[in-house]
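Please look over the protein below and consider how its parts are put together. The report after it is meant to be read beside the sequence and the coordinates.

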Amino acid sequence: MTRQDVRLGRVLGIPIGLDYSWFLIFGLLTWMLASSYYPDEFRDWPPALYWLTGAVTSVMLFVSVLLHELGHSVVALRYKIPVRSITLFIFGGVAQIGAEPPSAVAEFFIAVAGPVVSLALAVFFHAVQPMAASIEPVWGVVKYLAYINLALVLFNLIPGYPLDGGRVFRAIVWAVTKNMRRATLIAANVGRFFGFLFIFVGVAQVLTGNFGGGLWIAFIGWFLDNAATAQVQSVMFQGLLRGHKVAQAMSDRCAAVPGNLTLQQLVDEHILGGSRRCLLVTRGEDTVGLMTLHRIKEVPRSEWVTTSAGEVMIPLEQLKHIDAEAEIWAALQEMDRDGVNQLPVTRDDRVIGMLSREDVISVLRTLRELEA
Ligand SMILES: [Zn+2]
């Protein structure tokens, strides 16, 4: 989950969160609905009813977006791809799917599942409209939800990666070319094209007087372009890292500290004095765990003299690790899957170093310089 979100609970075992930006959108949308949309559609409601109906509509939109993301998630889980969380934020929702899809077919079905759910919702809300016709506010909400879910389908079907339509497009190119990297590059560049198009249209709207709407369109374009650029970069990095092993990037300047050392000694002798980037905890010849600054900070300073490293460390059994001969790219994916920033590196079942995201970035920088 992102750092700035409010947890709502779990659905199908997936943690659901609200990013703070969502509250802004909730407020804006409720205000827009209560102050202009509903008063234009329906006259003579008491003011409180406009606000209540606006707020209910916003919450229902949130539920619609959540169901859309759950659509993606259910199919991902079917393909045994873990879904780490769903976060709803300013532009809708993001299901944090923990790995790249294993095949073009999986990608296609995962991508298409969200818009299919939204389309089903649009059809459903459209179909129940006649039943709701006698109660004006209910009818208003249902009508708006039919419209907004259809809008969600159309927006998401724009074939620019990383929108759903772009994923479908990537899956098709992937199936045809049998090359996921090439497919991602093509789909992401189409995504950038749509990003620019939105910015262009948005700016044109602003210049012709539609300030609010134009700015919003340009903002979406900017967001699309950013997301697509990040994908192009990721593919480039993958290309640069190809063939490079974890052993080349890891830091082997790990200090081995005996498990009976106190935290105070550890901080004084190894962290402040030694500027070590990783600390392995040993018992005899064997590495038994990993120590992180985060773990040390969790212990009150007054207890540092009485607490041993062995009590606070993360035991080796609880740690995912990566083989020194594995590809760096595979290690990055492993980190993404587990939501961690570093992995112990092993050779013949012995920990010989640590690989962190910073290590990978510094290798990337060097590889880029060598290429230039
Ligand atoms: Zn989607």
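Predicted model: local features only at pLDDT ≥ 70, side-chain atom pairs only at ≥ 80, totals over all residues.

Residues are numbered from 1 along each chain as its sequence is written.

The protein chain is divided into domain 1 (5–157), domain 2 (180–241) and domain 3 (246–371), with bounds that come from an automatic or database domain assignment. Between the C-alpha centres of domain 1 and domain 2 the distance is 23 Å.

Helices (H or I, at least four residues) and strands (E, at least two) are DSSP runs, numbered from the N terminus. Helix 1 (residues 20–41) has 22 residues and spans 30 Å from its first C-alpha to its last, close to the 32 Å expected at 1.5 Å a residue, the expectation being 1.5 Å times one less than the number of residues. A kink of about 45° in helix 1 is centred on Leu33, where the bend is the angle between axes fitted to the seven residues ending there and the seven starting there. Leu33 is also buried, as are Trp22, Thr30, Ala34 and Tyr38 of helix 1; a residue is buried if 20 or more other C-beta atoms, placed from the backbone, lie within 10 Å of its own, exposed if 12 or fewer, and partly exposed in between.

A nonpolar core is a set of buried Ala, Val, Leu, Ile, Met, Phe, Trp, Tyr and Cys residues joined through C-beta atoms within 7 Å. In the largest one, of 45 residues, the members that touch the most others are Leu66, Ala111, Tyr161, Val168, Phe169 and Ala187. At least two residues of this core come from each of several elements, including strand 2 (14–19), helix 5 (164–177) and helix 6 (180–207), and helix 3 supplies the largest share, nine residues. Domain 1 and domain 2 each contribute at least three residues to this core. Apart from it lies another core, of 28 residues, among them Ala249, Met250, Ala309 and Leu343.
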